[in-house]
Amino acid sequence: MADTVLYDVTDGLATITINRPEAMNAMNVEAKVALREAVQTAAADPAVRAVLLTATGRAFCVGQDLKEHVGLLQNDKETGSRDTMNTVREHYNPIVRALTEMKKPVVAGVNGVAAGAGFGFALAADYRIVADMAAFNTSFAGVALTADSGMSWTLPRLIGPSRAADLLLFPRSISAQEAYDLGIVNKIVPAADLAAEAAAVARALAEGPTLAYAALKESLAYGADHSLVEALEKEDELQSKAGASEDHTIAVQAFLAKEKPKYVGR
């Protein structure tokens, strides 16, 4: 994996760090490929029980690298190609699907500005902990583009269709506090504490009942667009599997013994 994205696994926690601070972690082709590889690797690795997605520098990710993008568009014009916009299918969609569909929890540690696809990546996480100086911007309409990186699906589910339309049609920077008030953010911490706090949250999840977390992710996604009866049937299916896990037995025995459970992720 390229050093535009750093990847580390320690004690069941995969930390994926976007690492283009000189470009505010904008996504050039190299970074998009590296991020796609990193999240897919974490999703497929049974030793990984939780993922922390974060970044270096003063931004989380400002989305597409427009400097590179302009050159690629010009090349398309000269060659008659339309390859540049294939980036949604080839890069952004696989990244977001891996984040949302992996059978383990994902924490976004948002250290600064998250705009465009960067905002989309944060929304694809299961839990967002952000620095108090972080900000969010949909950005797409500001450069005559529509939503990608899953934002047409994730944002309205978090804040409702009307507010999502407002933020998408009229892009503006929203503060960490406003994002919290809207329901986008789970927790705000001082910028100096973000790295430690985000790691602590992700580490706690890595030590938790992984199969139960996977079932919770699946049930929440399923319940968002199915009927109550269908959701109840899905809960029954998933609860049967969770009840047969080693972790459930460990949890019940620990409860009876008045001890803290030590989960194994199975």
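Leu66 counts as partly exposed, at 44% relative accessibility (buried means under 20% relative accessible area, exposed over 50%, and partly exposed in between, with a 1.4 Å probe and protein chains only). The model is predicted, so that local features need pLDDT of at least 70 and side-chain atom pairs count only at pLDDT 80 or more, whereas totals for chains, interfaces and linings use all residues. Residues are numbered from 1 along each chain as its sequence is written, and side-chain values use heavy atoms, with hydrogens and water left out.

Leu66 lies in helix α2, residues 66-79 (helices are DSSP runs of H or I with at least four residues, numbered from the N terminus). Together with Leu73, Met85, Val143 and Leu145, Leu66 forms a nonpolar surface patch with about 400 Å² of accessible area. Such patches comprise residues with over 30% relative accessible area and no salt bridge, nonpolar side chains being joined within 5 Å; a salt bridge is a side-chain nitrogen of Lys or Arg within 4 Å of a carboxyl oxygen of Asp or Glu. Areas come from the Shrake-Rupley method with a 1.4 Å probe.

The largest nonpolar core has 49 residues, and Leu35, Phe121 and Ile184 have the most contacts inside it. A nonpolar core is a set of buried Ala, Val, Leu, Ile, Met, Phe, Trp, Tyr and Cys residues joined through side-chain atoms within 4.5 Å. A second, separate core of 14 residues includes Leu13, Ala131, Ala198 and Ala202.

Leu238, in helix α10 (residues 228-243), is buried, with a relative accessible area of 8%. Not counting residues up to four places away in sequence, Leu238 touches Ala215, Glu218 and Ser219, contact meaning heavy atoms within 4.5 Å.

Methods:
Patch = residues over 30% accessible without salt bridge, like charges linked within 9 Å, V, L, I, M, F, W, Y side chains within 5 Å. Helix = DSSP H or I, 4+ residues; strand = E, 2+ residues; numbered from the N terminus.
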